[in-house]
Amino acid sequence: MLPTTSVSSRSQGNGALSPRDAARHTAGAKRYKYLRRLFHFRQMDFEFALWQMLYLFTSPQRVYRNFHYRKQTKDQWARDDPAFLVLLSVWLCVSTVGFGFVLDMGFFETIKLLLWVVFIDCVGVGLLIATLMWFVSNKYLVKQQNRDYDVEWGYAFDVHLNAFYPLLVILHFIQLFFINYVIISDSVIGYFVGNTLWLIAIGYYIYVTFLGYSALPFLKNTAILLYPFALLIVLYLISLACGWNFTKMLCSFYKYRVK
């Protein structure tokens with residue numbers, strides 16, 4: 001059912017929210033509610049989060065359609081349930097441990113790699129990307145006639161998480177089965193398979209990010225977010241011509257990190 005608002009919650013019947021209700025809709029209040037639920041697993045809808053993870057691969061448009069429903073029912077675009085973040089963290093931990101095993105790292109090296117990947121690669125880089133996209137979208141993509149609307153920072157972070165999940169599965173899970181036997185070998189097929197997986201993973205990230213911002217009706221010119229595809233394809237072709245092996249470089253970087 002759609003939420004209803006009683007007459008008493010309006011100030012003098014003019015449609016404006018009372019100070020108490022307005023406070024509940026502030027960014028700080030939404031953030032506090034989100035963080036509070038982070039410590040109450042029984043309040044999280046893990047089944048729905050798993051549904052979203054599945055459809056981010058098969059039909060990401062359906063995931064963003066749900067964001068529309070949340071805006072209509074809860075008056076916010078961003079997730080209010082941290083279940084997706086929790087499951088993504090579990091995926092990240094498991095896949096990183098798998099990476100440590102494949103690269104023949106010791107226990108403490110794997111733990112150090114895990115901390116780097118979770119807090120720097122995922123959270124740190126995610127905060128920077130979300131903040132940059134939040135600033136750019138509000139500064140340059142909001143339609144002039146809709147200046148009363150803005151992109152929520154929490155939504156920008158959700159878009160990053162949505163786009164990061166397929167990239168994580170491709171590069172940190174699927175790729176594990178080919179690293180030692182195919183990808184890091186000094187052969188053409190090795191860097192072709194590895195770099196192709198990178199192309200698919202980063203392409204997914206760009207596409208899911210584009211869908212996230214194009215789903216907002218008050219933004220314009222969101223097709224510009226697809227432009228990095230051209231640079232990605234050029235870089236991919238150059239890497240094949242020059243024999244660069246991105247996965248081999250990543251493995252060397254991970255080993256350097258944990259020294």
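This is a predicted model: local features need pLDDT of at least 70, side-chain atom pairs count only at pLDDT 80 or more; totals for chains, interfaces and linings use all residues.
Trainee: What does the accessible surface of the chain come to, and how much of that belongs to carbon and sulfur atoms?
Mentor: The accessible surface is about 14900 Å², and carbon and sulfur atoms hold 68% of that. Areas here come from the Shrake-Rupley method with a 1.4 Å probe, and for residues only the protein chains shown count as cover.

Trainee: Thanks. How many helices and strands does the chain have?
Mentor: There are 11 helices and 0 strands. Helices (H or I, at least four residues) and strands (E, at least two) are DSSP runs, numbered from the N terminus.

Trainee: And what share of the residues is buried?
Mentor: Of 259 residues, 42% count as buried. Buried means under 20% relative accessible area, exposed means over 50%, and partly exposed is in between, with a 1.4 Å probe and protein chains only.

Trainee: What about contacts between residues 24 or more positions apart?
Mentor: Such pairs account for 73% of the contacts in the chain with a separation of 6 or more. A contact here means heavy atoms within 4.5 Å.

Trainee: Switching to charges: how many salt bridges are there?
Mentor: The count is 6 salt bridges. The rule asks for a side-chain nitrogen of Lys or Arg within 4 Å of a carboxyl oxygen of Asp or Glu.

Trainee: Which residue does lysine 74 pair with?
Mentor: Lysine 74 meets aspartate 80, at 2.8 Å from N to O. Lysine 74 is partly exposed at 44% relative accessibility, whereas aspartate 80 is buried at 8%. Arg70, Lys74 and Asp80 are also linked in a network of salt bridges.

Trainee: Who is the partner of arginine 79, then?
Mentor: Aspartate 158 is, with a distance of 3.4 Å from N to O. That pair links distant parts of the chain: aspartate 158 is in helix H7 (residues 153-172), and arginine 79 is in the loop between helix H4 (60-74) and helix H5 (83-102), 79 residues apart.

Trainee: Are those two buried or exposed?
Mentor: Both aspartate 158 and arginine 79 are buried. For another salt bridge, look at aspartate 75 and lysine 71, whose closest N and O atoms are 3.3 Å apart. Aspartate 75 is partly exposed at 33% relative accessible area, and lysine 71 is partly exposed at 25%.

Trainee: Where does glutamine 76 lie?
Mentor: Glutamine 76 lies in the loop between H4 and H5, and is buried with a relative accessible area of 9%. Its side chain reaches the backbone oxygen of alanine 78 at 2.9 Å. That is a polar contact: a pair of N or O atoms within 3.5 Å where, within protein, one must be able to donate a hydrogen and the other to accept it, and residues adjacent in sequence count only if both atoms are side-chain atoms.

Trainee: How far is glutamine 76 from glutamate 152?
Mentor: They are 76 residues apart in sequence and 8.1 Å apart in space, C-alpha to C-alpha.

Trainee: New topic: what does serine 137 touch?
Mentor: Leaving aside neighbours within four places in sequence, serine 137 is in contact with Val142, Val151, Tyr213 and Leu219. Serine 137 sits in helix H6 (residues 107-141) and is buried, at 1% relative accessible area. Its side chain reaches the backbone oxygen of methionine 133 at 2.7 Å and that of tryptophan 134 at 3.1 Å.

Trainee: How many disulfides turn up?
Mentor: The search of the whole structure finds 0 disulfides, using a cut-off of 2.5 Å between two cysteine sulfur atoms.

Trainee: Last one: where does UniProt place the "transmembrane region" feature?
Mentor: The unreviewed UniProt entry places it at residues 83-102, 114-136, 163-184, 196-219 and 225-247. UniProt positions are given in the numbering used here, feature names are shortened, and annotations may be inferred rather than shown by experiment. In the model, residues 114-136 are 100% helix and 0% strand, with end C-alpha atoms 31 Å apart.

Note on methods: Residues are numbered from 1 along each chain as its sequence is written. Side-chain values use heavy atoms; hydrogens and water are left out.
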